[in-house]
Every structure is written in C-alpha cells, then in structure tokens.
Amino acid sequence: MIIVLAEVFRQAELPKGVMNIIFGDGPGTGSTLVRSPRIQGVSFIGRAETIMQIRKDTAGDFGKHLCFDLRGISPTVVFEDVNIVQAVDAAARAAFDNNGQLCASGSVIYVHRSIYAAFLQMLKAYMQINPEFYMKVGPVVSKERCDKIRSLLLQARGEGAMFMTGGIPERVPNRGFWVNPTVLCNVHPDSRLAREAMLGPVAVVCPFDGEEVVKLCNDNPNAVSALVMTDDLRRMRRVAQHLDAELMWANCRLGGELGAGFNDIRATGSGRKACQRSRDEFTTLRTMHFPAY
C-alpha cells in the first residue's frame, strides 16, 4: 500500500524530498530516525509502549515537536428513552464500520438496564438480517492483530462471557485473518475486553442503571470518542459535558463539522488534529518587533 501511495505522488510530480519513505523496524530504523537532530518533529499513532520509547529517545531534544495518538477504545451509551431500533442501527455501525479498526470505533456499548435484554435480542437479529456486516467486513490488518483478538476472546470465554454473534477465530487461518462480527454480553466492565482497544469486529454490551455510566466511561483513560443516544436534550448535553472523550457524537455517527478539529484528552495522546490544528501542531511561531518609522 505504501509503495502504491509513493507511486501516486511520483505521478503527481510531487517535488523530490517532500515525502520520503524509509522501510525498517521500530527499534532499529524508527529509533534512529526519531533520535536524529535533523528530524524536527515526530508524529505517531499506535501503542502506548512505542510512544513511551519515542519519548525516551527524544528526551534530550527539547525543541523537537511531538504529536502522539493512542489506539483507544470508545463507548456508545444508549439511554432508555431513545428509539431502540435507531439505537441498535447506530450502535452496530459504530462498532463494525471499517471492520472495527478505527480508534473511534464504538466497541463498548453501554445500554440502560431497563432495555438491555430487548436491545441484545434486537442487535442479534439486526446482525442476522443485515448480511452487509458479514459481506463488507474484511480481514483484520495482520496476523498479530488476529492473534490478539483471538486471545482476548478466549479470555472472555474463560470469564463466562456469552457470544451473541460470532465466535473465536481459528488458530491458523487458512484464507486470511478473518474474524466474524462478534457481539459479547455478560462481560464485567473491568475486563480487558471492555478496557483495551480490540481494533477488530468485536463489540461488548454492558448494562447500566443511570448517569453513573459516565464514571464507567471515564474510568478508561483511553476513550477517544463517544456516542450518546438519548431523546432528552438536557441529559444529552449534561452527559456529553462530563464524558472525557476528545470527539463526541449525540444521536448521530461519524458526521458533523470535521473542520472543527479535536484535542487529545488524558491518555489518548498529545496533540491537536484535523483542519488548521494539524498544521499548527508542527508550526513554530516567531515574533519580530520593528521600530516605528
């Protein structure tokens, strides 16, 4: 894919040196690059362990711009007053669009206890009658990712989780790293399933009783985004204001004014992204004073 991108830029006659592609591993090539005094800025999206290593490698270079974005986990919160049919559709698409391989994927779905059982059954039926969730969901990005998902699903089964849809992928896939869209219930909120970024087509559904769900969401420091579904506008605003997520949707999904940008909050990274903020992240301001003539 990277080679194809490079060819596109070459055919577009991008001036030489504007973009350079260097292949190599993280500990060797990556560390050498970020330590170089000729590199004035580093932007990285990925694991916390790698970000910590980059911070160590650049600790002595105070002038180097750093912008990090962690792979996070994002909650969907469904209150009892919402249209349950619309809520099921929104929650399913939030969890499984792009194969669940977005840091903003709604992989943990909190549902008010009064509609929890009905929501689960409707979500299961919805997945069964919409083949697009199976036809359009491709393989996960790598064998390592497939193995990680498999290990977490094995742990979930050992903890007594119930598989509403999907299952545990094969240990050695024959035709690609496929993971069927999987919905789990009976998962404790403190389980790794509800706290780690799965980055695959897996969703965990948990019940809640009231607006203390905000605390459940905020207990996870890696909440990148959040989707809140309620017909009560006061509650919508109140909950959204208290959720620690850098990007928020209310009764909608992956829409809105992307030009507004968003900021990293807590452990989701360090930087400003989208629109002008992306440019400002690596812009150094210089102030010059001149005498009046």
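The entries that follow set out what I looked up.

**Entry 1. Basis.** I note that the model is predicted, that local features need pLDDT of at least 70, that side-chain atom pairs count only at pLDDT 80 or more, and that totals for chains, interfaces and linings use all residues. Residues are numbered from 1 along each chain as its sequence is written, and side-chain values use heavy atoms, with hydrogens and water left out.

**Entry 2. Whole chain.** I found 11 helices and 12 strands in the protein chain; these are DSSP runs numbered from the N terminus, helices being H or I of at least four residues and strands E of at least two. Of its 293 residues, 39% count as buried. Here buried means under 20% relative accessible area, exposed over 50%, and partly exposed in between (1.4 Å probe, protein chains only). The chain exposes about 17000 Å², of which carbon and sulfur atoms supply 56%, by the Shrake-Rupley method with a 1.4 Å probe. I also looked up contacts (heavy atoms within 4.5 Å): among those between residues at least 6 apart in sequence, 65% join residues at least 24 apart.

**Entry 3. Start of the chain.** Ile2 lies in helix α1, residues 2-11. I record Ile2 as partly exposed because its relative accessibility is 42%. Ile2 also belongs to a nonpolar surface patch of about 970 Å², whose members include Phe9, Leu14, Met19 and Phe23.

**Entry 4. Asn20.** I located Asn20 in the loop between α1 and α2 (26-35). Asn20 is exposed because its relative accessible area is 60%. Its side chain reaches the backbone oxygen of Gly17 at 3.3 Å. Asn20 and Ala6 are 14 residues apart in sequence, and their C-alpha atoms are 8.6 Å apart in space.

**Entry 5. Cysteines.** How many disulfides does the structure hold? I found zero, a disulfide being a pair of cysteine sulfur atoms within 2.5 Å. Cys217 is in no disulfide, and the nearest cysteine sulfur, that of Cys206, is 9.9 Å away. Cys217 counts as buried because its relative accessibility is 6%. Cys67 is likewise buried, with a relative accessible area of 7%.

**Entry 6. Ser107.** Is Ser107 buried or exposed? It is buried, because its relative accessible area is 11%. I placed Ser107 in the loop between α4 (84-96) and β4 (108-112). Not counting residues up to four places away in sequence, Ser107 touches Ile73, Ser74, Val202, Ala203 and Val204.

How values were computed
Patches are made of residues with over 30% relative accessible area and no salt bridge: like charges are joined within 9 Å, nonpolar side chains (Val, Leu, Ile, Met, Phe, Trp, Tyr) within 5 Å. A salt bridge is a side-chain nitrogen of Lys or Arg within 4 Å of a carboxyl oxygen of Asp or Glu. A polar contact is a pair of N or O atoms within 3.5 Å; within protein, one must be able to donate a hydrogen and the other to accept it, and residues adjacent in sequence count only if both atoms are side-chain atoms.
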